[in-house]
Protein chains: 2
Amino acid sequence: MSAAAAAVDLLSGRERLDAIHREVRRRICTLQYAPGEALKETALAEEFGVSRTPMRQVLQRLEFEWLVESKRGVGTLVTRVEFDALQEVYELRMKLSELIGELTPRVPTPADVAAMERLEARCRALRDDLDPHAFAALNLDFHERLMSLVGNAPLRETLSRQFHRTARIWMSWGDAIDWAEEVDRFEREIGELLVALRVQDVRSVGYAHRNHISMSLLRIRRHVERSRTGEN
Amino acid sequence: MSAAAAAVDLLSGRERLDAIHREVRRRICTLQYAPGEALKETALAEEFGVSRTPMRQVLQRLEFEWLVESKRGVGTLVTRVEFDALQEVYELRMKLSELIGELTPRVPTPADVAAMERLEARCRALRDDLDPHAFAALNLDFHERLMSLVGNAPLRETLSRQFHRTARIWMSWGDAIDWAEEVDRFEREIGELLVALRVQDVRSVGYAHRNHISMSLLRIRRHVERSRTGEN
DNA sequence: GTTGCGTTAGTTGTGTACATCTGGCCGCGA
DNA sequence: TCGCGGCCAGATGTACACAACTAACGCAAC
């Protein structure tokens, strides 16, 4: 068992499986596990100090979330991020984000504002110290904060599911991405959301988030088209 | 192994698990398994001719869909349908239904119209021969047909997930429901959808479906409030 | 050099024994 | 008669051995 997995060893039953699931999902979404990479049940089980049986439960759950794909005799492959499939996810995420403020959201508290301000500070710190993994981690934490405002549980679950499916798309470009610009845009999104949060206008939070998803999609599409014409 | 499960015995691997999953889900949604009932892994595994291991995979999948809940030492309980939780699902389903025609739907074909007309005929036949189980089965088939029009795969998956979660609510009322009226309403919904289908207007299909979900929610709410005041 | 095939190491899928826990039953005592 | 507490049948959770399958490697024939 590894040191990183020692923390989850204290937990038992369902909580332990949830912790392992979150950890593996985080590794996938931060590209610690590369797309196409084969995860081995035995190795993961040993690392987390469990047998293959519960480990397989976790991987099956990740398969439902479209993050891995088990192939008999081969391994459990981390899914590749393909723009054509993810475009549909983006379109759905845009529509779902509008619903954040429409379906009985939770009223923002000063604690929410403070937490978002901390995220803003972390984002600012990234401008001078670029680190794709740290950027991805910030993105995940930001998402979790945003989700805490969603009062409708099924909507929250659906949003999270679709978010994690697309979370890796930024990381998969390698050096073709202008990180400074991305960090800048992200900081601006957090800033916009803070304005809406301070006046407790969750509807505007949802719309602002939708706009940023929309702009992300446009940038991704431009990038894909450029690289495709470049190949031809 | 039972006779009903002999059909799935020919399949192998993932297809077999999918078939078992659909069958158990159908039994839950048609109230063949009552809410609160304890399903036993061993009994189900024996019936479907598999061991506990793959049977547990199916049940875990049903747990993700909120249709069952595994409790150690007790059994795998079919979840109860509680209005307060399902109200959120209904609100999300209404919004999602509007998206059916907005997110690149498939263009309806004459085959779609014909299939929907067959469903209409089945519904008409139910008026004279009331059978809650047959009504539920019709509802499931209708849903599947409707979903075939949804071009956006993540939306289709989300809609199905939330539909199955609420599919049992009609059945759980027992004799308090006016079946003739429900069948009548359902036939009218199919009729409205047919009008839109014939002119290939999927957007109207989505909106009509949303309206019927909305009216369903109102009727359910009235029913719940009436029964609650009756209890006090 | 290239193509084809048999072998094999290694992976996921399945079956099964055992560990752990739960809820009800039974019996004892007040 | 009621209440409490230990016992136990039976359920899910876990570990592990084995089956089934895949891809790559080596070798032989052309």
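In this predicted model, chain B can be laid on chain A by a turn of 180 degrees with a shift of 0.0 Å along the axis, and the RMSD is then 0.0 Å. Such a relation is that of a two-fold axis.

How many residues does each chain bring to the contact between them? Chain A gives 16 residues and chain B gives 16 residues. On the side of chain B that touches chain A, two or more residues come from each of helix H3 (52-64), helix H4 (83-98) and helix H7 (153-166) of chain B. Sorted by class, this side of chain B holds eight nonpolar, five polar and three charged residues. Because 100% of the interface residues of chain B are also interface residues in chain A, the copies meet through the same surface.

The DNA comes next. Around DNA strand C there are 18 residues, and those that come nearest are Glu41(A) and Gly75(A) from one chain, with Ser51(B), Thr53(B) and Gly73(B) from the other. Helix H2 (41-48) and strand S3 (75-78) of chain A, along with H3 of chain B, each supply at least two residues of the surface near this strand. Which element gives the most to the surface near DNA strand C? That element is H3(B), with three residues. The surface near DNA strand C is made up of nine polar, five charged and four nonpolar residues.

The largest share belongs to H3(A), which provides three residues. By class, the surface near DNA strand D counts nine polar, five charged and four nonpolar residues.

A look inside chain A shows where some of these elements sit. Three strands of chain A form an open, antiparallel sheet in the order S1-S3-S2. Strand S1 (38-39) and strand S2 (68-71) of chain A are the edge strands, each pairing on one side only. Two bridges link S1(A) and S3(A) in the antiparallel sense, and Ala38(A) stands opposite Leu77(A) of S3(A). H3(A) packs on this sheet, where the helix touches S2 and S3 of chain A. The direction of H3(A) makes about 120 degrees with that of S2(A). This helix, H3(A), is also the one that gives the largest share of the surface near DNA strand D.

Note on methods
Residues are numbered from 1 along each chain as its sequence is written. Chains are lettered from A and ligands numbered from 1 in the order in which they are written. This is a predicted model: local features need pLDDT of at least 70, side-chain atom pairs count only at pLDDT 80 or more; totals for chains, interfaces and linings use all residues. Two residues are in contact if their C-beta atoms, placed from the backbone, lie within 7 Å. Helices (H or I, at least four residues) and strands (E, at least two) are DSSP runs, numbered from the N terminus. Ala, Val, Leu, Ile, Met, Phe, Trp, Tyr, Cys and Pro count as nonpolar, Asp, Glu, Lys and Arg as charged, and the others, Gly among them, as polar. A residue is near a molecule or strand if its C-beta atom, placed from the backbone, lies within 6 Å of it. Copies are superposed by least squares on the C-alpha atoms of residues with pLDDT of at least 70 in both. Two strands pair if DSSP finds at least two bridges between them. Axes are lines fitted to C-alpha atoms, for helices over the stretch in contact, and angles run from 0 to 180 degrees between N-to-C directions.
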